[in-house]
Amino acid sequence: MENFTYLQASQAKEATAAVRDHKGAAFIAGGTTLLDLMKLNVENHNQLVDINMLAFKGVEQTADGLRIGALERMSDVGENPLVMQQYPVISQSLLQAASPQLRNMASIGGNLLQRTRCGYFRDTAFPCNKRQPGSGCPAQEGENRNLAILGGSKACIATYPGDLAVALVALDAVVLLENAKGKQRRVPLLDFHLVPGNTPQRETVIEPGELIVSVTVPAAAHARKSMYLKVRDRASYAFALVSAAVGLDVQGSQIRSARVALGGVGTKPWRSLTAEKILTGAPATEATFRAAAAAAVRDAQPREQNRFKLELAQNTLVRALTDVAAKA
Amino acid sequence: MNEPAFFETTAGPGVVGQPLNRVDGRDKVTGKAKYSAEYALPGLTYGVLKTSDIAKGRIKSIDTTAAAKEPGVLAIYTHLNLPKLAKTPNDPDGKKAIGAPMGFLPLTSDVIYYAGQPVALVVADTFERATHAATLLRVTYTAEQPIATYTDPKAQLFNPEKVQDGKADGYTRRGDARAAMASAPVKLTAVYTHAINHHNPMEPGSTTAVWEAPDRLTVYESTQGVTRTQKSLATMLGLPQDQVRVVTKYLGGGFGCKGSCWPHTVLTAQAAKGVGRPVKLVLTRRQQFTSMGHREDQTQTLMLGASQEGKLLSLIHEKTSTTSPWDNYAEANSKIINILYDCPTFESHYQLARGNVMTSTFTRAPGEAPGSFAIECLMDDLAYQLNIDPIEIRLRNYAEKDPSTGRPWSSKSLRQCYARGAELFGWSKRNPKAGATRNGRLLVGMGMATASYPVHNSQGMARVRLYADGHAVVQAGATDLGTGTYTVITQVAADSLGLPPEKIRFELGDTKLPTAPNSGGSVAAGTVSSSVYMAAQDVWQRLTKVAIQDPKSPLFKAKPEDVSVEKGRLQLTKNTAKGEDFMALMKRAGMDDVEGSGQGKYGAGYETGRPGNPAGPNNNTESTGEHSMHSFGAHFCEVQVDPDLGTVRVTRWVSVHGAGRILNAKTARSQIIGGSIFGIGAALMEATLRDPHYARYTNSDLGDYHIPVNADIPEMTVEFIDEHDPFINAMGVKGIGEISMVGVSAAVANAVFHATGKRVRDLPITPDKILGTKSV
Ligand SMILES: Cc1cc2nc3c(=O)[nH]c(=O)nc-3n(C[C@H](O)[C@H](O)[C@H](O)COP(=O)(O)OP(=O)(O)OC[C@H]3O[C@@H](n4cnc5c(N)ncnc54)[C@H](O)[C@@H]3O)c2cc1C
Ligand code: SF4
């Protein structure tokens, strides 16, 4: 771990300017991703800018939906009654993530920016294109059971490991960013994370010094009738092997609108618009769910150890759709 | 003082066996108990290891310039400047003399044998500075292609003469198993694989070394055996053994990885000598994965021949595993397969391949855990094949004596374990058909397995000092792994001295105390309790001598053999009215205290009130004694399997054991629960992944190496069969640290088979294996 200086910012401007003007600086919120990677020497920062004093707080109903401040803690958002009732998939994705201790520390903004658990990435003794562009990707022929089957490239097949972003991407969430000039921009979460392509080191569209201010989620019938199903190697406190975030608006027996995203299988939170297309307007039957699930993984490129995710992802999706359709 | 003080309790006399709360519980939860890395010594400095990035090759250069310039850095040790040791384990004689777990000491040459091998040790005045400086070291290597496991096509397999570091035979044969197999009406063969497992105690390995004088060293160590570490260190450093003191007052788990003196300990001692100040070194979690051994990756092939009635005729076992470049280490899986059932013929072989890995080491129930997985799954297969109940098939092969030696058991309550376990579990309600029981979407399965673990008797010493004011200090250089040694020994001392437990203080974990064996192989409870019991007997004998020579004593001129002690009162056995309390006797004689010492002996002294039977030529050790000494038990497991998602959850658990005298019902239950959870971890989730090309682990942290969490574990039912074994040791205690996990993974796998009809023989049983699409 490198030595670093520590600065507590009281204004957004102060924080963004500090990071923009100081090469090697980083924001710190809960620190649960950042300090972990710094201790492993995977990330090295000579200055940390603490943003916890900024006013990026609040979980509130707006005219057209939900607004969550980037510095809200995972546990607070997960247990918020509004979120639990109107956006169950968000609450469930948070409460099935990490451990209570981590959820008490970790922020919403930091959660979206968590980094892959690929074991090669986390150990500087290995080559890794994401950590050291051009050095290679040993995961392709190595321990890749946990890695992605969707969105990978020759350069990188690392899974996006988080849960919350999978729920948010399903519900058309939008991220509000602010840069050092005080300029704000809105980016749909769908476009926020990047597939690796030839530049696996670039994981999101966020620019150096840019802050996540908040996340907004439009209200919708499929948001109220939604759920998160997570399959993992142990009952709790493990990253997803596969997860499904689904929302359905069913009228009679017909699906009026559908939202589908997968976690644990993609190099980014994996929304499946093709699956949604199959679901929309179709009867809410197992056959429909199966067809949608098959479509969701049609482009998958599994490796030796993660081939099982093909079947598991489909089963998980079918199960989630079945359960959510059965909800009153 | 860093040990539990005299404490409050409501327990009365006869406290052995009672569910006494831990005497060290309050100190632990309030943070008062100091673990080995928590001694804030004056002038303390911090050591941090730099480890190898490659798994095979040579160090080309180590540039220490930048690191050495960092403020606070006191020294940087590499193979180029590490002070020479009197002995290293790098040759077989040295290894033997040291009692080293591994035939190689890092920082003694430029050769790299395994990933994570220490290449430098940085010492600085703070932990942070040492950590930072270590990252500034520039090490270059000439790398070669390593061998990661025995499945590597380049790996060369060989048949070792001995395994488990010379402690077990590489080939065993009893009768003609091949011929018996050829003619057996029923034949089964199956292949079992077991992932690499790491012990992962909560407390990582740590050493704090302080030289009290140029030739006198004290080490605060995270070890399961202070004496073994003392001997190893003294041998390597060329000091008389008594010039090294090792202290371990509290241990945060060990599970075998702290059973030996590993390289980081002596390197820390060397560094402390070099900088002339105390040095503390704590392994990081990642370093823990490459510093204190592991359970090796392994494949077992088991063949079974039986009659149509399910009677075993032949067992042939073969194990292939990875070992290090220097040692022939493999857990001796075949031992339990050889003794578990009455089978007239048996054969076993071991095969090893040298990989670029450190030497594996004993891991809770070494051999018994994976060995029982193979035999107990195959017995289950046999039961299904012949349509016989799994318990019934085991009863048909019940071993009335030890099949491997023909000796009678010192005691065996396995029949009762099966019966009681089945009753508690509701085994009779189980539908024998596999894949036929459902709970909504979930498949329900029930499985069982047998457990067994040998009683490894070790001799140990203890000292008891009884004060005339009615309290006592009891001492033995044993270690409490966190499992309750402080508590149970306090109970034994209380009963042996006729005092309430709060009048006893038990001190352990220091080489200044009487020598005790390693707390490993489930020996601590039996050996230490027996030594303490014997030491208390010694105290009474001394006081008896005083009494019968004291004209003022009611026992004046009595014959010693006519005197017995009841709750602290010395009296005539035949006329108990004649006698006196020890306090009265000691006060009158002007004795402030009286001290006795004892050695754990064979024979159930506690049962009879007499000192233990003398150790004779025929009842010394397990292998030369008249009796074969083992604990036995049975585990019953219910799982619910989601066939679509592949998840397996253990939903009910029953364990019943016959393990001799149980010293504390509460800590014993906790031991069995802990061991069963350890086994459930191995069965369902624990696996260290070693990259096949780099021979380096890819999940060496507790986020990615999964051990069970509370949500994985149901309420567990634990019972013991009341067992009085007159042959094993003075207290009749068999030890339960390891039997608790033997058979566990088989019970889980058997339940999974019963639920799904699918036999998974590849541990751990993760969702991908239930789905069955894992490509080969
Ligand atoms: C053992 C373990 C298990 C876990 N399991 C799960 C799991 O099952 N599911 C899951 O979803 N997650 C899991 N996590 C990840 C965890 O949720 C994230 O670490 C956490 O959400 C990150 O939030 P933080 O506030 O601590 O971020 P930090 O560590 O403080 O920051 C992370 C990154 O985001 C940047 N950053 C933080 N806030 C902002 C902001 N407002 N604007 C711009 N940049 C910002 C930081 O500079 C840093 O680069 C696990 C983590 C651990 C350590
Ligand atoms: S998959 Fe990506 S993160 Fe993992 S080793 Fe390859 S490049 Fe690195």
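This tour moves through a predicted model, from a ligand site in chain A to a sheet and several loops in chain B.

Residues are numbered from 1 along each chain as its sequence is written, while chains are lettered from A and ligands numbered from 1 in the order in which they are written. Because the model is predicted, local features need pLDDT of at least 70 and side-chain atom pairs count only at pLDDT 80 or more, whereas totals for chains, interfaces and linings use all residues; side-chain values use heavy atoms, with hydrogens and water left out.

**Stop 1: ligand 1**

Select ligand 1 and the 30 residues that surround it, each having a heavy atom within 4 Å of the ligand. The closest are A:F27, A:G31, A:T33, A:S107 and A:D163. By class, this shell holds 17 nonpolar, 10 polar and 3 charged residues. Here Ala, Val, Leu, Ile, Met, Phe, Trp, Tyr, Cys and Pro count as nonpolar, Asp, Glu, Lys and Arg as charged, and the others, Gly among them, as polar.

Next, display the polar contacts (pairs of N or O atoms within 3.5 Å). A backbone N or O atom of A:A29 lies 2.8 Å from an oxygen atom of the ligand, and a backbone N or O atom of A:G30 is also placed 2.8 Å from a ligand oxygen. From the side chain of A:T32, an N or O atom lies 2.7 Å from an oxygen atom of ligand 1. The protein covers 93% of the 980 Å² of accessible area that the ligand has on its own (Shrake-Rupley method, 1.4 Å probe).

**Stop 2: a sheet in chain B**

Select β24, β25 and β26 of chain B, three strands that form an open antiparallel sheet in that order. Strands are DSSP runs (E) of at least two residues, helices runs (H or I) of at least four, numbered from the N terminus; two strands pair if DSSP finds at least two bridges between them. β24 (563–566) and β26 (579–581) each have a single partner strand, so one side of each lacks a neighbour in the sheet. Between β24(B) and β25(B) (569–572) there are 4 bridges, and B:V563 has B:L572 as its bridge partner.

**Stop 3: loops in chain B**

Centre on B:Q164, in the loop between β8 (162–163) and β9 (168–169). B:Q164 has a positive phi of about 50 degrees, although it is not a glycine. B:Q164 is buried, with a relative accessible area of 12% (buried means under 20%, with a 1.4 Å probe and protein chains only).

Finally, go to B:P764, in the loop between β31 (762–763) and α19 (767–771). The peptide bond from B:L763 to B:P764 is cis, with omega near 0 degrees.

Key: Polar contact = N/O pair within 3.5 Å; in protein donor to acceptor, adjacent residues only side chain to side chain. Buried < 20%, exposed > 50% of the residue type's maximum accessible area, 1.4 Å probe, protein only.
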